[in-house]
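Biologist: I have not looked at this structure before. Please take me through its parts one at a time.

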Amino acid sequence: MHLAGLKIRKWREAHNPPLSAEEFGAQYGDPWPSRTVYGWEAKGRIARAQVQKKLAELGICEPSDWLEPVGSDGSASRSKRSMSADNRNHAFYDLRKHGFLRVATSTPRTRTADVDYNVEGIISEARRAHDAGVDLVVYPELCISSYAIDDLHLQNAMLDAAEKGVAKIVAASAELAPCLLVGAPLRHNDRIYNCALAIAGGELLGVIPKSYLPNYREYYEKRWFAHGRSIQGKTITVAGSEVPFGTDLIFSADNLPGCKIFVEICEDYWSPTPPSTTGALAGATVIANLSASNITIGKSDERHLLARAQSSRAVCAYVYSASGHGESTTDLAWDGQGMTYELGDLLAESERFSLDAELSIADVDCERLVAERQRMQTFNDAAEAAGRPEDSFRTVTFSLASHAKDRGLIRPIRRFPFVPNRQNKLDEDCYEAFNIQVDGLMRRLEATHAKCMVIGVSGGLDSTHALIVAAKCCDRLGLPRSTIRGYTMPGFGTSDHTKSNAWKLMEALGITAEEIDIRPAATRMLEDMDHPFADGEPVYDVTFENVQAGLRTDYLFRLAGHYSGFVIGTGDLSELALGWCTYGVGDQMSHYAVNSGVPKTLIQYLIRWAVGTEQFDKATDKVLMSILDTEISPELVPADAKGEIQSTESIIGPYELNDFFLHHTIRWGQRPSKIAFLAWHAWKDAEAGLWPAGFPDDEKNAYTLATIAQWLEKFLRRFFAFSQFKRSAIPNGPKVSAGGALSPRGDWRAPSDAVADVWLAELSEGLPPL
């Protein structure tokens with residue numbers, strides 16, 4: 001934990017009487033909810049810059065305290081901080097160690113048919129890419145000669161100049177780190193080919209001819225060029241060097257496993273059978289397209305469609321670079337569009353119609369692409385059905401140049417990978433997520449012919465969300481909301497605040513609402529067990545907690561039988577991942593687990609969405625917002641002497657981090673050290689990057705690498721070594737997110753008696769000293 005959190009807590013406790021977290025936030029904050037204050041004090045969350053400044057003005061803590069770990073004696077651990085700061089050359093910070101390839105699309109400054117000018121523009125952009133730590137640069141089609149020069153392609157002077165230009169770029173590349181993919185017209189066996197050339201480290205690696213030549217509407221390429229579809233296993237001599245020539249080339253980096261590059265040219269990916277499909281089936285993970293596509297209204301959308309679809313279908317990254325300003329505008333115009341997609345996601349896009357040279361940079365995750373192919377057997381089946389193209393393709397091996405280990409990360413890392421992030425389709429995505437749950441519950445209600453739905457309502461997030469899903473289910477089926485039988489069941493740790501919210505919510509929704517105080521029954525059970533609590537001792541162990549959780553579930557099942565209904569489970573995906581539920585006769589069990597596919601962070605966001613889109617009335621919305629502002633707690637242990645309640649996240653870690661860990665574990669199978677690397681880049685600065693739309697400012701947290709590592713280790717222990725037996729026996733529930741679910745009948749199958757040693761060892765070995 002950081003020193004700032006310790007100072008904030010001490011400052012609160014120094015008041016007479018001590019300030020509670022809620023009082024502190026109300027008096028000195030914006031206000032800051034109690035859960036935000038607890039996040040600083042117990043979970044390692046880092047306040048935003050404005051908040052840090054305000055706390056410094058109050059004399060509570062300094063901005064530097066947020067980066068200062070706390071030693072075992074409660075003081076600043078400066079030696080640890082210094083060790084961490086001086087360790088940025090550790091392999092952990094190296095993109096390449098985690099499977100990333102830094103790519104760039106380049107639209108260089110060009111002048112029609114001016115080879116020398118164009119070559120200088122290409123080299124100039126290569127230098128810029130070198131300084132930016134780029135590994136691969138993709139230029140436009142025929143960028144050495146210019147594309148729109150028509151019959152000038154047939155002039156020997158132009159062809160000679162283009163070949164000399166290639167030689168200049170090859171020579172210049174010896175001092176530059178990136179591998180360059182440039183376009184030029186080249187002669188071979190008395191034909192002219194529209195080619196892409198791969199250049200790296202002062203060497204021409206190979207040449208790829210264009211497969212499909214457009215010869216319709218404004219295009220007339222067959223007048224000048226021969227197609228290259230049938231060229232495989234050949235060589236070509238360029239500027240005195242004989243190199244591989246054909247459409248069967250894959251360029252493989254020997255120092256970045258998974259980095260295999262295939263090249264196609266413009267029209268190739270407009271064809272019904274793009275060459276890149278075969279290239280991907282042969283093993284290429286990165287597809288580069290050198291294009292000179294002219295611009296017309298709506299064509300940019302078409303390029304996006306094709307690149308997105310191909311990157312998704314071929315399980316690859318697709319790097320597209322089109323010609324821009326400087327091409328001839330005799331009859332056409334050019335916008336210089338560059339874009340990089342990975343598995344259907346847009347990573348980066350250049351500015352279109354720019355007068356300046358454009359370099360659009362993105363970090364492609366080659367390791368993730370390989371992992372996805374490994375788990376997607378359809379991809380392997382397609383490769384087999386295509387005749388195993390990997391057996392006939394040629395591999396040209398080269399080495400990526402070295403860069404400084406810490407190049408940063410130029411890649412949008414979603415802090416909340418389960419939360420919809422498409423701004424233009426935000427309402428649609430949330431509507432879809434919410435109604436997946438509603439529809440699943442509707443079908444189960446119809447299939448069971450149940451007379452009612454029974455649910456425990458605690459005033460917490462999970463039961464709240466399950467309840468509004470049930471309410472919407474009744475609305476959709478034309479049933480009165482009284483069909484829902486809601487029970488609030490206060491125990492030894494239940495606060496007046498949550499109990500009040502539970503009643504307000506049930507009343508606002510108009511369900512059948514009742515209260516059962518479980519304390520007498522729990523006390524009797526504890527007495528029968530001879531538990532110390534029954535003798536007045538404040539022993540709040542797992543048994544004490546599970547007695548309450550079990551009684552609540554027991555009551556709900558008996559009530560469901562009594563009223564011919566079924567129990568709606570409220571536990572969520574995050575709790576299943578961490579085993580934060582009581583097995584069997586407890587909150588792990590229900591008749592239908594409506595939240596089992598929804599993680600905590602998505603539940604929070606969907607409740608906000610329900611309020612923002614007025615899914616319910618104003619009275620309901622008011623209660624929902626109050627519940628969102630409440631500290632997450634099982635409320636099984638009484639508040640302490642200071643009035644502070646049991647905090648779930650102070651025990652198992654912030655849910656926003658746990659959900660991040662969960663997504664990258666179950667969806668992508670990432671190594672723990674890589675998950676830590678991604679989490680650090682996503683969460684180290686609250687002011688950087690994008691947050692989900694409408695996300696409250698006072699909940700925008702940041703975390704140090706030490707804090708991330710601490711909670712990740714705890715996640716690994718709980719997920720791999722502790723929780724699976726609970727997941728192996730979960731009831732039915734709908735999968736909601738493509739990020740995955742944990743049902744043994746769906747996304748996740750694992751033994752209940754595994755150990756976490758492999759993952760813990762990898763994390764320990766992969767992290768720098770902290």
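This is a predicted model: local features need pLDDT of at least 70, side-chain atom pairs count only at pLDDT 80 or more; totals for chains, interfaces and linings use all residues.

Biologist: What is the strand order of the open sheet of seven strands?
Modeller: Helices (H or I, at least four residues) and strands (E, at least two) are DSSP runs, numbered from the N terminus. Two strands pair if DSSP finds at least two bridges between them. In this open sheet the pairing is mixed, and the order of the seven strands is E13-E12-E11-E10-E9-E8-E15.

Biologist: Which strands stand at the edges of that sheet?
Modeller: An edge strand here has a single partner strand, so one side of it is left without a neighbour in the sheet. From one strand to the next the twist averages 25°, with axes being lines fitted to C-alpha atoms (for helices over the stretch in contact) and angles running from 0 to 180 degrees between N-to-C directions. The edge strands are E13 (345-349) and E15 (394-398).

Biologist: Which residue of E15 is the bridge partner of Phe251?
Modeller: Strand E8 (residues 249-253) pairs with E15 in the parallel sense, over five bridges. For Phe251, the bridge partner in E15 is Val396.

Biologist: What angle does helix H9 make with strand E12?
Modeller: Helix H9 (residues 299-313) packs on the sheet and touches E11 (317-322), E12 (338-342) and E13, where contact means heavy atoms within 4.5 Å. The direction of H9 and that of E12 make about 30°.

Biologist: How many of the 13 residues of helix H18 are buried?
Modeller: Helix H18 (residues 600-612) reaches 18 Å from its first C-alpha to its last, close to the expected 18 Å, the expected span being 1.5 Å times one less than the number of residues. Buried means under 20% relative accessible area, exposed over 50% and partly exposed in between (1.4 Å probe, protein chains only). What covers the buried residues includes helices H3 (34-42), H12 (426-448) and H13 (461-477). H18 is largely enclosed by the rest of the structure, because its buried residues number 12.

Biologist: Are the two faces of strand E14 covered or uncovered?
Modeller: In a regular strand the side chains alternate between the two faces of the sheet. On one side of E14, Glu358, Ser360, Ala362 and Val364 are buried, and on the other Leu359, Ile361, Asp363 and Asp365 are buried. Both faces of E14 are covered.

Biologist: Which residue of E14 is the bridge partner of Phe100?
Modeller: Strand E1 (residues 100-107) and E14 run antiparallel and are joined by eight bridges. The bridge partner of Phe100 in E14 is Asp365.

Biologist: What is the largest C-alpha distance among the residues that UniProt lists for "active site"?
Modeller: The unreviewed UniProt entry lists Glu141, Lys210 and Cys266; such positions are given in the numbering used here, feature names are shortened, and annotations may be inferred rather than shown by experiment. The three are spread over 126 residues of sequence but cluster in space, with a largest C-alpha distance of 9.7 Å.

Biologist: Which side chain makes a polar contact of 2.6 Å with that of Glu141?
Modeller: Glu141 lies in the loop between E2 (136-138) and H7 (156-173), and counts as buried because its relative accessibility is 1%. A polar contact is a pair of N or O atoms within 3.5 Å; within protein, one must be able to donate a hydrogen and the other to accept it, and residues adjacent in sequence count only if both atoms are side-chain atoms. The partner at 2.6 Å is the side chain of Asn194.

Biologist: Where is Lys210?
Modeller: Lys210 counts as buried because its relative accessibility is 1%. Its contacts include Glu141, Asn194 and Cys266. Lys210 is in the loop between E5 (203-209) and E6 (234-238).

Biologist: Which side chain makes a polar contact with that of Lys299?
Modeller: The "binding site" annotation of the unreviewed UniProt entry covers Tyr216, Ser293 and Lys299. Lys299 lies in H9 and is in contact with residues including Ser293. At 2.8 Å, the side chain in polar contact with that of Lys299 belongs to Tyr219.

Key: Residues are numbered from 1 along each chain as its sequence is written. Side-chain values use heavy atoms; hydrogens and water are left out. Lists of a residue's contacts leave out its neighbours within four places in sequence.
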